[in-house]
Each structure stands twice: as structure tokens, then as C-alpha cells.
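Subject: Handover of a structure and the findings on it

Dear colleague,

Please find the sequence and the structure below.

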Amino acid sequence: MSQETGSFDLRGDRGYQDQRERVYRLVFLACAVLSVLTTVGIILSLALPAIGFFEEVTFSQFILGTRFSPKITPTVFGVLPLVFGTLLIMVGAAAVALPFGLFTAIYLSEYASTGRRAILKPMLEVLAGVPTVVYGYFALVYVTPILDAIPGVELGTFNALSASLIMGIMIIPMVSSISEDAMSAVPDALRDASYGLGGTKFNVSSGVVVPAAASGIASSFILALSRAIGETMIVVVAAGKTARFPGGVTELLGSFFKSTQTMTSAIIELGLSDLSGGTTAYKALFAIGLTLFVMTFALNLLSDVLVKRYQEDYN
Amino acid sequence: MATETGGEQRSEDAGFGRVSRVRGRVFQYLTFGASLFGIVSLAVLLGYVIWDAAGLNTAGPAWYALALATVVAPGAAFVQYARRRPQVKSAAIELFAIIVGGVLTGFALVVVLAVIAGAERWFVYFLTTALPLAAVYLYSRTAEVGWGGLALLGVTIGGPLLGSLLMEPVSAVGAYIGSPAIFYLSVLVPTALLVRSLVDDRLGLGQGNNAALAVLLLPVLAIPVVDTVPLVDRSVWVIFAATLITPVGLVLWKNLSDSRRRAGLVGPLVLILGLGALAIVPDMLNVAGPSPWFDWQYLSSSPSQTAERAGLYPAIIGSVFMIVLVALLTLVLGVGSALYLEEYAPSSGPMGAVTRLIRINISNLAGVPSVVYGILGLAVFANTLGLGFGTVVTAAFTLSLLILPIVIIASREAIRAVPDSMRDASYGMGATRWQTIRNVVMPRAIPGILTGTILALGRAIGETAPLIMIGVATTKFSPPSGLFGKMTAMPMQVYTWASYPSAAFQHGVVAAGVVTLLIVLLTMNSVAVVVRNRIEQGDY
Amino acid sequence: MAGCSSGGGSEGSSDTEAPADEESDVLSGEINITGSSTVFPLATAVAEQFQRDNPEVDISIQSTGSGGGFENFFSIGESDINNASRPIKDSEVSACQQNGVSPHEVIVATDALTIVINNENDFATEMTVEELRQIWSSDATAGQTWADVNSSWPDEEIERYGAAETSGTFDYLTEVINGEEGDHTQDYEPTEQDRQIVQGVQGSEFAIGYFGFSYFYNNPDAVTAVAVDDGDGPVEPNLDTASSGEYTPLSRPLFTYPNEKRLSEDHIAEFVRFFIEQSANEEVVAGQVGYVPRSASQADTELAELNGIIDG
């Protein structure tokens with residue numbers, strides 16, 4: 001530390017500052033590392049018991065089996081019926097959420113005035129925040145009777161249709177908010193260029209903005225599907241407990257009107273059930289959970305990749 | 001854009017012709033309708049549930065006529081009047097918001113301080129933690145000392161420890177002075193001080209000291225009256241005096257002195273009087289009114305096999321207890337993680353790879369199904385760490401992990417929104433990273449963080465699947481006895497009731513439970529929206 | 001004791017709180033009850049009354065299923081009492097003993113598993129056990145009609161509603177009617193919520209369902225109970241026939257298993273005593289819940305046995 005006349009040494013003595021800085025940094029790093037620990041915890045808590053399960057049921061029997069019967073003899077643990085149930089609900093929910101969500105996003109981003117947006121957005125947040133058990137109750141007690149009253153439609157008390165419709169409504173805000181963010185990120189220059197060429201608002205919205213925001217919109221679709229796959233209470237309350245695997249196309253379509261069991265519903269049933277902890281059936285819970293985790297993880301990863309790869313950079 | 005009005009005249013021009021607007025209009029209405037679809041569906045379902053919960057099936061036409069006369073008509077008249085007068089509208093909204101906010105805050109404080117913690121326990125922690133914290137904070141603000149942060153940390157850790165050590169003697173003192181006095185000292189006196197500074201500095205109405213004195217004296221004077229009301233005991237009165245009466249008084253004072261805004265105060269008053277009349281008059285006139293399932297008895301009773309006696313009380317307390325813990329955990333851990341990822345994390349090199357991994361990991365965790373978190377909680381917290389099945393701690397930890405990714409993502413957005421120019425200015429002045437974070441970044445990011453956290457907490461309150469997996473009780477008759485006591489939560493209780501066979505449960509008790517959950521949700525969302533609006537208005 | 005409310009008594013919760021004077025003979029403590037979903041309504045009714053009289057006792061009940069309760073909670077000492085709709089298995093007893101848990105068997109009621117049909121169904125109001133077996137066992141094929149079972153019945157497809165395969169009620173029906181554990185038809189609507197069975201059966205003239213007597217008791221006009229013929233003529237399920245044993249083979253005893261080691265704690269001992277006393281209370285067991293109560297002498301025997309263990 002030399003002190004020449006005319007120059008100032010600004011370093012000075014910071015006292016314990018540097019150590020403190022390091023401490024803070026470590027503290028915050030620890031917080032962030034917790035998230036990694038969580039993932040590790042999830043994987044371990046699913047995989048370890050699942051390994052025990054796979055010692056009793058072979059992997060191919062599980063993944064490719066088309067019957068799921070933990071108690072009724074002959075007991076068989078094929079996960080495909082549960083996967084089918086999950087996908088069935090997902091398709092139904094997507095049929096509602098994707099179009100409505102996308103159109104909502106287009107309206108909010110392109111057409112809505114600030115006042116309307118200020119009212120609509122909080123309302124959509126409410127839609128997203130309603131507890132899922134309430135949605136399940138709605139589906140069971142109000143929607144099923146209404147749908148059943150439509151002439152020609154015959155629904156069981158538990159059916160996949162009501163559950164997936166309500167789930168679709170629940171997911172709309174997810175699609176709309178992420179898509180809207182993607183659309184807002186499209187710079188106005190593109191819109192103005194289109195207007196300059198004589199386009200109407202409709203041309204601009206559908207022909208310019210939506211394609212430009214396509215990666216974000218696709219990402220929102222995938223995240224919504226992932227949410228639909230993982231949703232539990234709506235299907236537990238409203239969709240029933242019959243694990244079905246359809247034999248043909250008509251049976252497939254008819255499955256909407258009958259009770260269905262999804263992976264999440266099976267996990268709850270096995271967890272709450274009369275089965276003791278050591279049995280194969282109980283361990284199946286973890287194998288199903290692992291399958292579910294892998295599916296949602298893959299979807300989320302896909303969504304990330306889509307955004308990174310195809311997102312247009314307008315800067 | 002070609003205009004239509006000039007179409008005829010310009011037809012001789014170089015053929016732009018007419019552009020059909022029909023498609024665009026249809027598309028606009030289509031998208032508008034789409035955005036309303038979900039909201040309208042939910043509103044219809046809400047209508048059904050409210051009908052069931054309010055027991056409106058027993059209300060006769062006379063009651064509806066009465067409701068029209070006392071509530072709907074005056075309300076509509078006021079709205080019509082206030083439409084053209086923005087000052088009146090703003091005053092009415094302000095009063096209404098303060099009343100609702102005051103009531104809810106009062107309830108929250110009563111539940112957390114009086115029921116969950118207990119007056120004596122709160123007294124101990126107030127003296128050892130809350131009071132020193134406030135003192136150190138205020139002092140470090142005014143005296144600009146460097147050890148402020150460290151002192152705060154010291155008090156945060158040492159205070160509760162000291163409190164646990166001194167629990168016996170100090171709570172004996174607390175028991176001696178009585179719980180109304182405890183709340184007077186710990187809630188009302190700080191409120192009075194706050195009022196004094198508010199009135200003088202912010203509202204500029206002068207007479208700050210007088211206002212503070214009024215806050216301190218009036219509740220005491222009103223005690224004889226309060227004693228005659230059976231439902232309200234002194235502690236509750238003191239708390240509500242601080243959270244409801246005082247802010248309402250302030251708002252009234254502030255608006256009464258402004259002649260343009262005065263009329264706005266009439267609005268909420270009319271509503272309250274109307275609702276009061278609707279509650280009292282039907283009995284007097286023998287009009288068939290609704291037989292509501294959702295009433296005070298419901299909120300304050302324990303579950304029961306008989307539908308009429310069933311109540312949500314233990315579940316409400318359990319949920320509140322759990323959410324308070326979840327809020328603390330996720331705020332601390334979530335903001336910490338977000339700060340690391342945004343401020344400290346390098347973007348290159350080996351640590352950079354780790355950071356990227358953490359980022360991807362968090363966004364994937366946000367999409368993991370809630371039931372898987374339940375399995376995690378069961379395996380790690382209930383089994384391995386032995387925290388117990390269905391206890392408050394297990395539930396709190398499990399749900400914290402569930403919403404942590406959401407809180408982290410929201411916090412990161414909020415922190416990222418703070419412009420780099422401000423950070424650079426701070427660094428330019430020679431501040432360290434932590435100083436920059438504490439003084440520049442955090443104050444601006446806090447509203448955004450709060451908004452995201454409140455929305456995430458709203459989600460946590462409604463989660464059922466993880467609670468089922470960790471073994472939360474299907475029925476419990478009393479609130480949890482402590483951190484390690486068994487609990488039940490609102491959605492869990494509603495789910496249990498939904499399986500009871502009788503119609504009274506299905507369309508009565510469960511409906512009331514659903515209404516309770518929705519009120520909680522709407523409150524939290526409204527608070528989040530208000531906080532967010534404050535950001536957008538630039539109050540910060 | 002955190003959670004004691006001081007001012008909280010004003011919250012109108014006078015139903016659940018008594019003036020807690022610090023007397024030493026006020027019962028307090030936690031009781032954790034797990035077990036059968038069939039016994040759950042009875043346990044809840046008893047616990048509710050007990051808690052009203054002893055507000056300082058914190059009772060939590062979890063409907064886990066009989067087996068799940070034994071294996072996952074009771075045998076490891078997590079719960080103090082486990083309810084069951086079937087006797088404890090030997091394997092479960094040894095699992096308990098390995099962890100120092102000693103289950104003590106108490107019969108608290110009798111359940112009459114009820115077969116229900118739609119009110120419009122006038123052809124199958126009486127059924128033999130063999131007919132029931134044909135309908136409910138794995139021999140029943142998809143598309144089976146009523147006429148396939150009994151030629152005098154209409155040729156309409158049978159719609160079945162029953163207990164989920166993971167419940168004790170399911171176990172009971174399969175063992176007693178179908179003869180073998182796990183031998184149950186797959187062509188049915190399984191549900192843990194007996195209310196849905198009621199709704200399902202109400203919805204179709206050709207529907208048939210089964211659940212515990214309690215749920216029929218609560219909806220006697222919604223559906224019709226089938227009189228079961230086990231060789232001695234058709235017997236309708238009601239409190240008398242179930243209590244006398246006439247309604248066979250579908251009457252089953254319901255159990256509760258307190259952990260003997262926990263009986264040394266006053267509040268748990270008092271609760272089990274109370275449970276036994278209430279098991280003979282017709283108003284509660286039959287009136288409120290819908291099971292067959294014990295007779296006074298049966299309850300006395302249980303009580304004497306219990307006191308012997310507590311004092312011994």
C-alpha cells in the first residue's frame with residue numbers, strides 16, 4: 001500500500017466486509033442447492049421402493065401390461081391402463097384448454113384495452129388458483145348432472161368427461177398467461193410492418209404474432225399438458241377407480257363416458273388402501289409414481305428445449 | 001389502413017377497394033368469448049355452490065323482495081351516483097377495502113396470536129424478539145450504524161432462544177396481567193405510535209398526538225359496552241380495535257375533511273346497514289329466510305357426524321398454522337435461492353454449469369405433480385427424519401418444497417426487473433454486492449416477490465394430495481396441539497366430508513367448506529393484485 | 001401446551017371448549033386412531049362425544065383401511081388404536097410384537113353387509129348365496145344378464161357397483177360370498193364412497209350394489225335391500241337379524257385394537273372404556289351410525305377384560 005502524493009488509495013480497510021460477503025454468498029448458494037437436494041430426494045424416494053417392486057414384477061410386465069389389478073385375482077400390475085386413463089383425461093383437458101387458452105391470450109395481447117386486461121387477468125388468476133378438490137367437487141356434483149341431462153348423453157356418476165372438462169377450465173390460465181407473455185415479446189416493429197403492408201388486425205394477430213410467438217405458445221401447451229397429467233384431486237373425486245384399457249376405437253371414445261383411473265388416482269388409492277406396507281401392491285405405488293415423474297420431467301424438458309431452440313431472438 | 005367511409009369516393013383511385021372487416025370482427029368476438037368462457041363457467045359453478053351454502057332453497061319470494069329493497073336497490077343507487085364522481089368512488093372503495101382488510105387482518109391476528117400461539121406465549125416472544133427487532137431496526141435506520149444487519153440477525157436468532165429459556169417466568173407475568181392487557185401492549189400501543197407518525201407525516205392532518213391518544217383511550221372506554229356482547233371478549237376487542245376500528249377511523253377522518261370525497265363514505269355504510277337489516281328483519285316479520293350452512297357456527301365448531309353441528313374450526317386453525325410456517329420457509333429459502341441465481345451466480349466456468357443445472361432443475365421441479373411431493377414428504381420427513389405422519393411440521397415442510405420452485409421463479413423475475421443501471425450506480429459508489437442487494441435491489445423487488453409468494457401460498461392452502469400421502473388425519477376434533485401435533489387442513493376436511501352419504505353433507509356442509517376455501521383464495525388473490533397494482537402505479 | 005386459546009373461548013366454540021381449570025383430574029393428551037373405513041363412522045361418533053366431554057384430549061382419526069392401519073401405523077407404534085373390519089392376522093400380530101406393540105382385541109359392533117338393488121327391481125328382492133356368487137365372482141362375465149343367473153329374471157345386463165378392491169368391505173364380500181380372496185368380477189364400478197354406490201344403484205333398474213349396513217340405514221328409501229338366502233330361507237338385513245346371527249353369511253364383527261402398552265395412559269384407557277360402553281348404546285351405534293350394537297352383557301365382558309389388562 002504505497003501512498004504517492006496526488007494519488008488516493010481507495011482500497012482502504014473494509015474490515016470484515018470481504019468475509020461477510022463470502023458468508024452471504026455461501027448462505028444463498030446453500031438455499032439454491034436445496035432445490036437440487038429436492039430432486040435427488042424425489043428420485044430416491046421413488047426409485048428405492050420401486051426397485052423392490054421390480055424384483056417382484058418384471059419391468060416389461062409393468063410397462064407393457066394392459067391390465068392393472070392389484071387385488072382381484074389374478075393380480076397383475078400393468079401400468080398401461082393407468083397411462084391410458086391419464087392420457088384420456090389429458091386429451092380431454094387439452095381439447096378445452098389449448099384453444100380457449102390460445103384465443104384468450106390473443107385477445108389479451110392484441111385486442112384488449114388496458115382496462116379490460118386489468119379486469120380479466122386477475123380473474124384468470126382466480127381460475128388458476130381455485131383449489132383442485134373444489135374443482136373435483138364441482139365436476140362430480142354439478143357438471144356431471146348437467147351433462148347427463150343432455151338428451152342422448154349417458155354418463156356414469158364417475159366419468160372421464162366431466163373431470164377432463166373441468167381440468168381444461170383449470171388449465172386455461174396457464175396456457176393463456178405463458179402464451180400472452182410470448183406474444184407480448186414479439187416486437188411491435190413486426191406488427192407495424194404488417195399493418196404497413198395493409199394487413200388487418202386479424203391478419204396481424206393470426207398471421208404474424210402467433211407464428212412469431214410459436215415456440216412460446218408450444219411451450220405453454222406442453223406445460224399445460226404436463227399439469228394435466230400430474231393433476232390428482234379432480235380425478236380422484238370425479239373420475240372413478242376403474243383401470244381400463246380399450247380394445248378398439250369405439251371403446252376408446254366410449255371411455256370418456258365411463259369411469260377411469262389415472263396414475264395419480266391409483267397412487268392415492270394404493271396409498272390410502274387396506275394394503276399393508278410390504279406388499280407388492282403397495283410398492284406398485286412407487287413404480288407408478290416413478291413413471292409419472294419421468295413423464296412430466298420429459299415433457300418439461302421438451303418444453304425447455306423447444307423454447308431455447310426455436311425462440312426467435314428479435315434483439 | 002384504408003378507411004371505409006372514403007370507399008365510395010376513392011373507388012376511382014388505384015383500386016385499394018374494400019377490406020372485409022367481418023372476419024376480424026368475428027375473430028375479435030371469438031377471442032373475447034374464449035377469454036370469458038372459463039370465467040363464466042366458474043361463475044356459474046360458484047353460483048350453484050353459493051346457493052347451496054347459503055341455503056337459499058328455503059328462502060321465499062318475500063325474502064328476495066326484502067333483499068332487493070334493503071341491499072340491492074340502495075347499492076345500485078349509490079353505484080349510479082358514484083359513477084360520474086371519481087372522488088366519491090375512490091373514497092367508497094377506500095373505505096370498503098379498509099373495512100374488509102381490517103376484518104380479515106383482525107381474524108388472522110386473533111387466530112395466529114390468540115389461538116395458535118396463546119397470549120402468554122406471544123407475550124414472551126414479543127418481549128424477547130419482536131420488540132428488540134423493532135427497536136434495533138428503527139435505531140439502525142436513524143443512526144446509520146454499520147452493525148445494523150448483524151444486530152437484526154442476532155436478535156432474530158437469539159430472541160426466540162431467550163424466549164424459550166425465559167418462558168416460565170415471563171409467561172407467569174403475562175398470565176398475571178391478563179391477555180387483554182398483553183394485546184393492548186403488544187398490538188394497540190404500536191398501532192397508536194404508527195397512527196401518530198402516519199397522521200403527522202403522511203396525512204398531514206396535524207394532531208398526531210391527539211389521534212394516538214384517541215387510539216389508546218377509546219378502546220378502554222368502550223370496554224363496559226364490549227363486556228355486554230357475548231361473542232366478543234376483551235382480547236378480541238383490543239385486537240380488532242387496532243386492525244379495524246383505528247384504520248376505519250383514520251379513513252373516515254381523512255375523507256370527512258374533504259368535501260368532495262365525503263359522499264363516498266355513504267356507500268359502504270348503506271351496504272352494511274342493508275345487510276344488517278336483511279339479517280334482523282326477516283325474523284321480526286316472520287319472513288321465510290335462507291337457512292345458511294355457511295355461518296358463524298360452521299366456522300367455529302368441530303366436525304361432527306350430524307350435518308347441522310359440523311364445523312370447520314380445527315381445519316381452519318390447522319391450515320393457518322401450517323401456512324404461516326410455509327410462508328416463513330419459502331420466503332427465506334426462495335428469496336435466498338433467487339438472490340443467488342440472479343446476483344451471485346457466475347455464468348461461465350464450472351460454477352456456471354452448476355448454476356445452469358440449478359436453473360433447469362428449478363423449472364422442472366415446478367412441473368412435478370403434487371402427489372409426488374407427497375411421496376417425498378412421506379419418505380423423507382415422516383419416515384426418515386421421523387417428524388411424524390400428518391403433523392404440522394411434516395405438512396409445512398412438504399408444502400414448502402412444493403411451492404418453493406414457484407416462489408423462486410417469481411422472485412427471480414422480480415429481482416431481474418430491477419434495472420442494471422441502478423446496480424451499477426450502487427457499485428460505482430463503492431458498495432459491495434450485499435449492500436447493493438440490501439439497499440437497492442431488494443426494496444424494489446419486494447413487491448414482486450410478495451405477489452408471487454402470496455399467489456403460491458394460495459395454491460398451497462388448497463392442496464390436498466400431498467397431505468393425503470403424508471397421512472394427515474381424516475377427522476380431527478381439535479386444533480393441532482403444537483408443531484409436532486397432528487393436524488387437519490381445510491381441503492382435507494372438505495374431501496373427507498364429500499364421502500359422507502347424506503345429502504345434507506353433500507349439498508350443505510361440503511358446499512359451506514367450498515365457500516370457505518374460495519373466500520380464502522379470493523382474499524389472497526386480491527391482496528396479491530393490490531400489491532401488484534402498487535408496483536405498476538410506481539409507488540415503489 | 002401451545003395452542004391453548006386464552007381469548008379463543010369467545011369464538012363461539014363453546015361446543016368444543018370447557019373452562020379449563022388446572023385440575024389434575026382433567027384428562028388430556030393425544031390419541032391417534034387409524035384403521036378401517038367401515039369402523040370409521042362409529043369411531044368418529046364415539047370420539048366426537050368423548051371429546052365433547054373431555055375437551056383437552058386431542059383425538060385424530062385416520063381412515064387408512066384395516067390392513068394399511070396395522071402395517072403402516074399401528075404395528076410400528078405410530079397409532080394408539082387401530083380399527084379393523086376383520087380380525088388381526090397372525091403376520092400382523094408378529095409384526096406388532098417385533099416392535100413392542102401388543103394389540104388387544106375388542107369387538108365393538110356387528111356389521112350387516114347389505115346387497116342393494118334399485119327400488120323398481122321387483123324380481124330380485126330375494127337371492128340365494130349361489131346367485132350372488134354368480135353375479136359377483138370372477139365367473140361373472142362381461143355382458144352377463146340377470147337372466148343368465150336366474151332364468152326367471154329379465155334379460156338385461158347387470159350393472160354392478162361395489163367396494164374398491166383395496167377396501168375391507170371388498171375383502172369381506174369376496175371371502176364370504178365368492179369363497180376366495182381376490183376372486184371378484186372385474187366388471188363393476190368400484191368406489192370407496194358408498195354414496196356413489198347408492199347413486200349408481202338408484203340410477204338404473206338393473207343395477208346391484210353392496211356396502212356396509214350403515215349406508216343402507218341412512219338411505220333406506222333410496223334403494224332396496226336384498227334378502228339373502230343361505231339355505232334357511234331369505235333373510236332381510238336389519239338390526240335384529242344381524243344381531244341374532246340369522247342374517248348369514250353377511251354379518252361380520254367389527255373390531256378395535258388398542259395397544260396394551262398405551263393403556264397405561266389415563267386418557268387412552270378412559271377412551272377405550274368409553275368406546276366399549278358406547279358399543280352397547282343402541283342410539284349411537286344403530287341410530288346414528290347404522291351398525292348392530294353389542295348387548296349389555298357382551299359389553300360388560302369386554303370391559304372386565306380391559307380393566308384386567310389395565311390393572312394387571
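A residue is called buried when its relative accessible area is under 20%. Please also bear in mind that this is a predicted model.

Is M263(A) buried or exposed? Its relative accessibility is 0%, and M263(A) therefore counts as buried. M263(A) belongs to helix α12 of chain A, which covers residues 263-272. Leaving aside residues up to four places away in sequence, M263(A) touches L82(A), V83(A), T86(A), I288(A), T291(A), L292(A) and M295(A). The sequence separation between M263(A) and P81(A) is 182 residues, yet their C-alpha atoms are 8.8 Å apart in space.

Turning to chain A as a whole, it contains 13 helices and two strands. Its radius of gyration is 26 Å, whereas the globule rule gives 20 Å for 315 residues; the value is well over that figure, so chain A is more spread out than a compact globule. Along the principal axes, the C-alpha atoms of chain A fill a box of roughly 95 × 60 × 35 Å. Of the 315 residues in chain A, 54% are buried. If one takes the contacts in chain A between residues at least 6 apart in sequence, 71% of them join residues at least 24 apart. Chain A exposes about 13400 Å², and carbon and sulfur atoms supply 65% of that area.

Next come the aromatic rings.

In chain A, ring pairs join F53(A), F54(A), F59(A), F62(A), F68(A) and F77(A) into a cluster. A ring may also be approached by a charge: the charged end of R116(A) sits over the ring of F32(B), 4.7 Å from the centre of that ring.

Chain B is described by its domains. Which residues make up the domains of chain B? The domain assignment gives domain 1 as 76-298 and domain 2 as 307-537. The C-alpha centres of these two domains of chain B lie 26 Å apart. Between them, 10 residues of domain 1 are in contact with 23 residues of domain 2.

V407(B) counts as buried because its relative accessibility is 1%. Not counting residues up to four places away in sequence, V407(B) touches T330(B), G334(B), T453(B) and A456(B). V407(B) and L450(B) are 43 residues apart in sequence, and the distance between their C-alpha atoms is 9.0 Å.

Yours sincerely,

A colleague

Note on methods
Residues numbered from 1 in each chain as written. Chains lettered and ligands numbered in written order. Predicted model: local features only at pLDDT ≥ 70, side-chain atom pairs only at ≥ 80, totals over all residues. Heavy atoms only, no water. Phe/Tyr/Trp six-rings, centres within 6.5 Å; stacked < 30°, edge-to-face > 60°. Lys NZ or Arg CZ within 6 Å of the ring centre and 35° of its normal. Helix = DSSP H or I, 4+ residues; strand = E, 2+ residues; numbered from the N terminus. Buried < 20%, exposed > 50% of the residue type's maximum accessible area, 1.4 Å probe, protein only. Contact = heavy atoms within 4.5 Å. Rg over C-alpha atoms; globule rule 2.2 N^0.38 Å. Areas by Shrake-Rupley, 256 points an atom, 1.4 Å probe, with all protein chains shown as cover. Domains from an automatic or database assignment.
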